[in-house]
Amino acid sequence: MSDAFAEALQETLAEVAQDRPVLEFDDVELSFAGVKALGGVTFEVRPKELFAIIGPNGAGKTSIFNVISGVYRPQKGSVRFLGEPILGKQPHEIAAMGLSRTFQNIELFENLTVIDNLMLGRHQHVRYGVFSALVYAGRARGEEVVHRGVVEDIIDFLEIEQYRKFPVGLLPYGIQKRVELGRALALEPKLLLLDEPVAGMNLEETEDMARFILDIRDELDIAMILVEHDMGLVMDLADRVLVQDFGLAIATGAPSEIQRNPDVIRAYLGEEHRSSVGVTATARDRATGDTP
Amino acid sequence: MTGGRTAGSARRGRPELYTSYEADSALLNTRPKRVAVLLIVALAVIVPFLLTDNVLLILATAFVASIGAIGLNLVTGYAGQVSLGHAFFLGLGAFTGAVLSGDPDGRTVGLGMQLLVWLPAAGLVAAAAGLLVAPFAVRLRGLYLAIVTLGLVFLGEHLFREMQFITGGVGVGRPGPVPELFGFRFDQAGEVLGVMLTRNQKMYYLMFVLLLIMAVAGRNIARSAIGRAFAAVRDRDIAAEVIGVPLTKYKALAFTISSFYAGIAGALLYTVIGVIEPGSFNLLMSVQYIAMVLIGGVATISGSIMGAVFITLLPRITREVPKFLPFISGGATGGGILNVFQLEAILYGLLIIGFLIFEPRGLYGIWIRTRNYWKGWPFSY
């Protein structure tokens with residue numbers, strides 16, 4: 001991709017120090033009126049890394065995202081983004097530092113067109129003010145054209161050209177997920193949080209999304225955190241995986257290590273079974289003759 | 001760069017082919033739109049010579065109401081913050097204009113300034129008040145915000161009633177702002193470029209030009225990053241924050257811009273009418289503006305104008321009804337089952353309910369449906 005978006009993004013990513021983690025999540029505790037959502041979770045995300053967080057429902061995966069993006073404020077611990085502490089900052093301030101995310105349940109502006117949704121992703125790169133907007137000449141007009149160019153490159157990248165002028169509320173679910181990814185990319189993020197990008201998708205849509213995620217990592221070099229229930233996808237794509245269970249981090253490591261980790265197997269399959277994630281207990285037991 | 005309007009070979013026979021993003025996002029980006037706007041403006045220019053002075057006065061009022069409706073639509077339609085306090089801001093604008101332009105030797109305070117001073121000032125005073133209200137909007141939303149802004153109307157009513165040296169007092173009032181521009185009086189008949197114009201013809205032209213300016217500015221706000229941010233705040237406020245749109249800033253901005261429009265509209269309204277009655281900035285006035293926005297079309301500028309013209313013309317239309325329906329009386333004491341004023345109140349209610357149920361997009365929505373029907377004609381899809 002030799003285009004306006006890729007160039008602008010590379011310029012932004014050049015500011016990211018390669019010798020230090022993009023995100024440091026240190027001993028974070030979050031509870032809601034006595035219910036502990038996160039009980040001292042620690043991990044770090046390195047530059048250009050695809051970091052995955054998995055775990056059963058209610059394990060605290062989305063809570064981690066909400067802490068990072070500033071929606072929740074934890075009671076204890078610290079979070080540093082690009083070396084700077086971000087706890088206590090407003091969500092839009094954190095976004096301005098270069099963090100963007102997608103949501104588990106699509107949070108697009110459904111009355112606006114695909115173009116306008118993506119243009120909103122560029123909001124923090126907009127420099128002109130009210131008075132320039134009132135006359136819509138000079139600076140405002142020039143900037144709008146530049147941002148539109150960047151947005152069109154993202155539309156090309158995600159292959160949603162034919163929908164660009166549709167209100168997103170009318171688009172099919174899989175396309176809406178893609179538009180939301182596009183809106184997150186439009187921020188030129190230094191760290192991208194993907195909350196269940198393939199939830200509810202069929203095989204074809206899942207493979208398309210996997211292709212986009214790989215392209216984002218390999219061609220655009222954006223560090224990503226992926227929360228996902230689709231184990232096949234996570235184990236295929238992720239560089240490292242964090243397993244959450246009941247608000248606690250029970251393991252961190254490469255996908256192959258995670259699949260062998262007894263704690264992980266217990267969390268997913270229960271006490272009785274000893275098996276690898278992704279392969280059913282019975283299938284493996286039959287293959288090895290190993291009975292629990 | 002010629003902005004995509006090049007008549008290159010790629011465009012031949014394809015007038016809708018855009019060759020630049022600028023042309024694609026232009027205000028009048030299709031030929032029918034350009035032709036229609038040209039026709040409407042041409043019609044508006046010759047209308048004063050075709051209609052009676054009476055009707056012109058109503059049209060001038062409708063144009064001013066359109067400016068106010070655009071303002072309310074920016075905050076309620078685009079930014080999604082329900083405001084019942086529009087009458088308060090209209091009142092602030094009206095009295096600011098009246099004080100700055102009024103007769104220095106009159107019964108009420110007056111400074112004798114010209115249009116170029118008092119008109120922006122009316123907008124700015126109202127905008128400043130809007131900015132002060134904004135913190136409430138940041139903490140509240142929906143019905144709660146509506147109630148708080150409703151409180152403003154009562155606050156305003158009290159202030160306007162008590163500050164007699166400015167407002168003249170209930171039942172008496174004071175003269176409206178004087179439209180004087182470098183010695184030229186819009187409120188007196190006179191010769192312009194060799195043509196003899198009446199007061200109402202001059203007023204009509206002044207208000208039409210001002211509406212044109214304010215409407216284009218409104219559209220520009222709506223299609224810029226600011227308008228998009230308003231829509232983001234309206235549709236999903238948490239997502240807006242997370243993608244980098246500061247909620248507080250844009251809610252405050254929406255109230256400020258809306259109040260600016262209201263201030264301008266308030267000052268101009270009483271320039272047209274001539275006398276400000278301090279009791280008129282009440283809940284009914286706020287509801288009228290809400291009705292304009294709902295009936296015209298939420299989150300559209302052209303819809304605001306359609307709604308304002310419709311609501312302003314409504315009393316004129318109902319006054320004709322007794323001629324056709326003998327059981328409706330023309331005056332308050334004419335007998336019959338209903339009189340025209342009751343009919344008017346009933347129509348307000350019915351129209352708001354009817355539009356909300358059958359065409360939530362308002363008159364603008366009806367226009368879109370008609371347009372789409374004829375676009376596809378003779379096919380139904």
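Visitor: A:Phe246: how many other C-beta atoms lie within 10 Å, and is the residue buried, exposed or partly exposed?
Guide: A:Phe246 has 14 other C-beta atoms within 10 Å, which means partly exposed. The cut-offs: buried is 20 or more other C-beta atoms within 10 Å of a residue's own, exposed is 12 or fewer, and partly exposed is in between, with C-beta atoms placed from the backbone.

Visitor: Before we go on, what am I looking at?
Guide: A predicted model, in which local features need pLDDT of at least 70, side-chain atom pairs count only at pLDDT 80 or more, and totals for chains, interfaces and linings use all residues. Residues are numbered from 1 along each chain as its sequence is written, while chains are lettered from A and ligands numbered from 1 in the order in which they are written.

Visitor: Back to A:Phe246. Where does it lie?
Guide: In the loop between β9 and β10 of chain A. Elements here are DSSP runs numbered from the N terminus: helices are H or I with at least four residues, strands are E with at least two.

Visitor: What is phi of A:Phe246?
Guide: Near 50°, a positive value in a residue other than glycine. A:Leu82 also has a positive phi, near 55°. A:Leu82 sits in the loop between β4 and β5 of chain A. With 19 other C-beta atoms within 10 Å, A:Leu82 is partly exposed.

Visitor: OK, sheets. What order do the six strands of chain A take?
Guide: β6-β7-β8-β3-β9-β10, in an open sheet with mixed pairing. Its edges are β6 (99-101) and β10 (248-253) of chain A, each pairing on one side only. Neighbouring strands are turned by 20° against each other on average, direction ignored. Two strands count as paired if DSSP finds at least two bridges between them. Axes are lines fitted to C-alpha atoms, for helices over the stretch in contact, and angles run from 0 to 180 degrees between N-to-C directions.

Visitor: How many residues of strand β8 of chain A are buried?
Guide: Five of its five residues, 223-227. Both faces are covered. A:Ala223, A:Ile225 and A:Val227 are buried on one side, A:Met224 and A:Leu226 on the other.

Visitor: Which way does β7 of chain A run against β8(A)?
Guide: Parallel, with five bridges joining β7 (residues 191-195) to β8(A). A:Leu192 has A:Met224 as its bridge partner in β8(A).

Visitor: And β3(A) with β8(A): parallel or antiparallel?
Guide: Parallel, over four bridges. A:Ile225 in β8(A) stands opposite A:Phe51. β3 (residues 50-54) of chain A also runs parallel to β9 (residues 240-245) of chain A, again through four bridges. There, A:Val243 in β9(A) is the bridge partner of A:Ile54.

Visitor: What kind of unit do β7(A), helix α8 of chain A and β8(A) make?
Guide: A right-handed β-α-β unit, with α8 spanning residues 203-218. Right-handed: with the strands pointing away from the viewer, the path from the first strand over the helix to the second runs clockwise.

Visitor: What about the four strands of chain A that form an open sheet?
Guide: Their order is β2-β1-β4-β5, and the pairing is antiparallel. The edge strands are β2 (35-45) and β5 (84-85) of chain A, each with pairing on one side only. β1 (residues 23-32) and β4 (residues 76-81) of chain A share five bridges. A:Leu23 has A:Phe81 as its partner in β4(A).

Visitor: Switching to the interface. How many residues does each chain give to the contact?
Guide: Chain A gives 34 residues and chain B gives 24. In chain B, α1 (21-24), α8 (199-223), α9 (225-235) and α10 (237-242) each give two or more. α9(B) gives the most, with seven residues. By class, the chain B side has 15 nonpolar, four polar and five charged residues. Contact is C-beta atoms, placed from the backbone, within 7 Å. Ala, Val, Leu, Ile, Met, Phe, Trp, Tyr, Cys and Pro are nonpolar; Asp, Glu, Lys and Arg are charged; the others, Gly among them, are polar.

Visitor: What does B:Leu253 touch?
Guide: A:Val130 and B:Ile226, leaving out residues up to four places away in sequence. B:Leu253 lies in α11 (residues 247-273) of chain B. It counts as buried because it has 24 C-beta neighbours inside 10 Å.

Visitor: Which bond joins B:Trp377 and B:Pro378?
Guide: A cis peptide bond, with omega about 5°. B:Pro378 falls in the segment after α16 (362-376) of chain B.

Visitor: Last one: what is the mean pLDDT of chain B?
Guide: 88, with 95% of its residues at 70 or more. Over residues 1-7 of chain B, the pLDDT is below 50. pLDDT is the predictor's confidence in each residue, from 0 to 100. Where it is low, the predicted coordinates should not be read in detail. The model scores ipTM 0.87 and pTM 0.89.

Notes. Two residues are in contact if their C-beta atoms, placed from the backbone, lie within 7 Å.
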